Amino acid sequence: MSTATRPCPGAPTLYPDGLPRPGRALVMGIVNVTPDSFSDGGRWYAPERAVAHGLALLAEGADILDVGGESTRPGAARVPVEEELRRVLPVVRELAAAGATVSVDTMRAEVAARAVEAGARLVNDVSGGLADPAMLPLVARAGVPYVAMHWRGHSDGMQANAGYDDAAADVADELRLRVEAALHAGIAPDRLVLDPGLGFAKTPEHNWQLLGRLREVVALGYPVLVGAARKSFLGELLADPATGLPRPPHRRDAATSAVTVLAATQGAWCVRVHDVASTADAVRVTARWGREA
Ligand code: PMM
């Protein structure tokens with residue numbers, strides 16, 4: 001077995017005793033099998049390229065590989081379910097067979113079910129169960145961990161829903177409702193992960209407020225996943241002073257690492273990133289520092 005196909009040492013396996021807490025934030029590496037995601041659209045669209053990319057992320061230290069077949073960038077249209085399955089299943093199957101802990105990034109119960117059959121061990125639903133009424137019961141039956149993200153509607157219209165009295169408090173309240181729905185559907189509390197949904201029906205101001213008050217989401221009592229990687233609020237912060245143009249996505253990794261360190265310090269359980277190598281280092285430095293604090 002080459003180093004690229006060997007699971008990363010210490011990678012969590014099936015989570016029989018609840019979610020892993022290795023004393024540092026976990027690193028979820030992003031494998032977008034899409035032609036149109038905002039930061040890497042098209043690069044890993046062919047299944048064999050997506051698998052090779054996933055294996056490279058695993059070798060760099062990813063604890064989890066998040067495989068998605070539907071872009072959720074603002075304005076994106078939905079992909080037919082057959083197409084989503086066609087994109088995701090071979091990649092999930094191969095990465096799981098190579099020993100990776102795979103999550104499937106989908107809003108559809110059918111895709112989640114088929115991906116779990118193909119070896120996925122976690123379902124990452126950016127809609128928190130709101131897009132497909134069959135999702136929460138399916139996850140409850142499958143018994144897999146479930147990431148419920150804060151969401152207010154599909155990507156083609158979500159920015160029209162970016163109105164909050166107090167973004168951090170409102171997101172925490174809406175996540176609490178998703179927790180109630182998930183528990184009501186029969187998902188075990190120790191399988192549940194929450195995510196504030198940075199960039200989803202949120203302005204840059206809302207995203208910063210959510211990060212600065214991440215503790216309010218952590219205080220809900222569930223592991224928290226943070227997905228800030230390369231998002232446009234970072235590009236806007238780091239805009240070129242001469243032109244005013246946002247920093248392009250592929251040059252937002254240092255800023256993403258800074259968010260990773262701060263989010264981990266605030267109690268994030270996992271960070272979802274494109275650049276796994278720098279993130280794997282950042283979470284270890286943060287954990288080591290934290291042990292002295
Ligand atoms: N962001 C994207 C896709 N999936 N899942 C979770 N749980 N949290 C996120 O913030 C999130 C997600 C969009 O980003 P991408 O196009 O870089 O994958």
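Colleague: Helices and strands here are DSSP runs, helices of at least four residues and strands of at least two. How many helices and strands are there in the chain?

Modeller: Happy to count them with you, bearing in mind that this is a predicted model. With those run lengths as the cut-off, the chain comes out at 10 helices and eight strands.

Colleague: What is the radius of gyration of the chain, and why is the chain called as compact as a globular protein of that length?

Modeller: Along the principal axes, the C-alpha atoms fill a box of roughly 45 × 40 × 40 Å. For 293 residues the globule rule gives 19 Å, and the chain's value is close to that, so the chain is as compact as a globular protein of that length. The radius of gyration itself is 18 Å.

Colleague: Which residue has a side-chain N or O atom 2.7 Å from an oxygen atom of the ligand?

Modeller: Good one to check in the viewer! The closest residues around the ligand include Asp-105, Lys-231 and Arg-272. The side chain at 2.7 Å from a ligand oxygen belongs to Lys-231.

Colleague: How much of the ligand's exposed area does the protein bury?

Modeller: The ligand sits in the largest pocket, and 17 residues surround the ligand. On its own, the ligand exposes 410 Å². Of that area, the protein buries 98%.

Methods: Residues are numbered from 1 along each chain as its sequence is written. This is a predicted model: local features need pLDDT of at least 70, side-chain atom pairs count only at pLDDT 80 or more; totals for chains, interfaces and linings use all residues. Side-chain values use heavy atoms; hydrogens and water are left out. A residue is near a molecule or strand if one of its heavy atoms lies within 4 Å of it. A polar contact is a pair of N or O atoms within 3.5 Å; within protein, one must be able to donate a hydrogen and the other to accept it, and residues adjacent in sequence count only if both atoms are side-chain atoms. Accessible areas come from the Shrake-Rupley method with a 1.4 Å probe; for residues, only the protein chains shown count as cover. On a 1 Å grid over the protein atoms alone, a cavity is a set of points where a 1.4 Å probe fits but cannot get out, and a pocket is an open set with protein on both sides within 12 Å along at least five of seven lines; lining residues have an atom within 4 Å of a point. A molecule sits in a cavity or pocket if more than half of its atoms lie within 2 Å of its grid points. The radius of gyration is taken over C-alpha atoms; the globule rule is 2.2 Å times the number of residues to the power 0.38.
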